[in-house]
Amino acid sequence: MNIHSFLADGEQQSKQYNNALNNTDKVQEERTSDRSESTFGDRYLRSCALRSAQQGDYTEAIALLSQLISRHPHNAIDYNNRGLIYFQSGETQKALDDYNTALKLNPYLASAYNNRANYYAACGELAAALADYDQAIDFNPRHVRAWINRGITWRDLGQYEEAIENFEVALLFGQLEGHIWAERGRTYHLWGDWNCAIADYRRALTQLPSLDNSKDITGCRLRLQLENWLNELLSESAS
């Protein structure tokens, strides 16, 4: 399998948290102040969990999300997010269990399909990964991360044309262009179209964060990979 970074739904989850909290706030206007305080407490816990995860303190983030789950055992998003953090911390079986629970609670949660597909892809179960990416895109056709990840998986299978098609669809949404150009460039590189690969690598370098940007760990990791891919390609073309 080629070295790459699958894109999980951490940022999207935070948006879903905000949407869920906004909806909850509207309901809370008709309820008692005790319930409002409880909602504020949930919001605070989610904010702290997100911040801890971004800072790499996975143990604290998991503990906070577990507290939320004990309060609201039917909240699929909390299970999905805890699964994501379990996966990032290397506890992959716990991640899979949480993704499965999230999907039992909400079979239409596109981000959970994307995250579970990342698990399958990392385990080399590419057919299962593709099936989950398909589901994510069926439920949310604008799910950019799923389009990118499905393209990466097609590339791992040697299906370069299908991979390019996925990346080109992903570009239509105007998001994560640096990631898309990097992965499309890698696909052209492996396919043997070095001119297109170099062009995409250089486009990606204008969009990806610098290596000292601690706020975008995934982007920095991809930039480092990209620089290695570009150096590899340039050395191959010079030999």
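1. Glu168 is partly exposed in this predicted model, with 36% relative accessibility. Its side chain meets that of Arg184 in a salt bridge, 4.0 Å from N to O. Glu168 sits in helix 9 (residues 160–171) and Arg184 in helix 10, so the bridge ties together parts 16 residues apart in sequence. Arg184 is at 12% relative accessibility and counts as buried.

2. Asp200 and Arg203 join Glu168 and Arg184 in a network of salt bridges.

3. Helix 10 takes part in another bridge, through Arg186. The side chain of Arg186 meets that of Glu232 in a salt bridge, 3.8 Å from N to O. Glu232 lies in helix 12 (residues 217–238) and Arg186 in helix 10, so this pair ties together parts 46 residues apart in sequence. Arg186 counts as buried, at 9% relative accessibility. Glu232 counts as partly exposed, at 30%.

4. Arg150 and Asp134 form a salt bridge, and their closest N and O atoms are 2.6 Å apart. The pair links distant parts of the chain: Asp134 in helix 7 (residues 126–139) and Arg150 in helix 8 (residues 144–156), 16 residues apart. Arg150 is buried at 14% relative accessibility. Asp134 is partly exposed at 32%.

5. The salt bridge count comes to 13.

6. His179 also deserves a look. His179 is in helix 10 (residues 177–191). Its relative accessible area is 9%, under the 20% cut-off, so His179 is buried. Leaving aside residues up to four places away in sequence, His179 touches Leu7, Leu208, Thr218, Gly219 and Leu222.

Key
Residues numbered from 1 in each chain as written. Predicted model: local features only at pLDDT ≥ 70, side-chain atom pairs only at ≥ 80, totals over all residues. Heavy atoms only, no water. Helix = DSSP H or I, 4+ residues; strand = E, 2+ residues; numbered from the N terminus. Buried < 20%, exposed > 50% of the residue type's maximum accessible area, 1.4 Å probe, protein only. Contact = heavy atoms within 4.5 Å.
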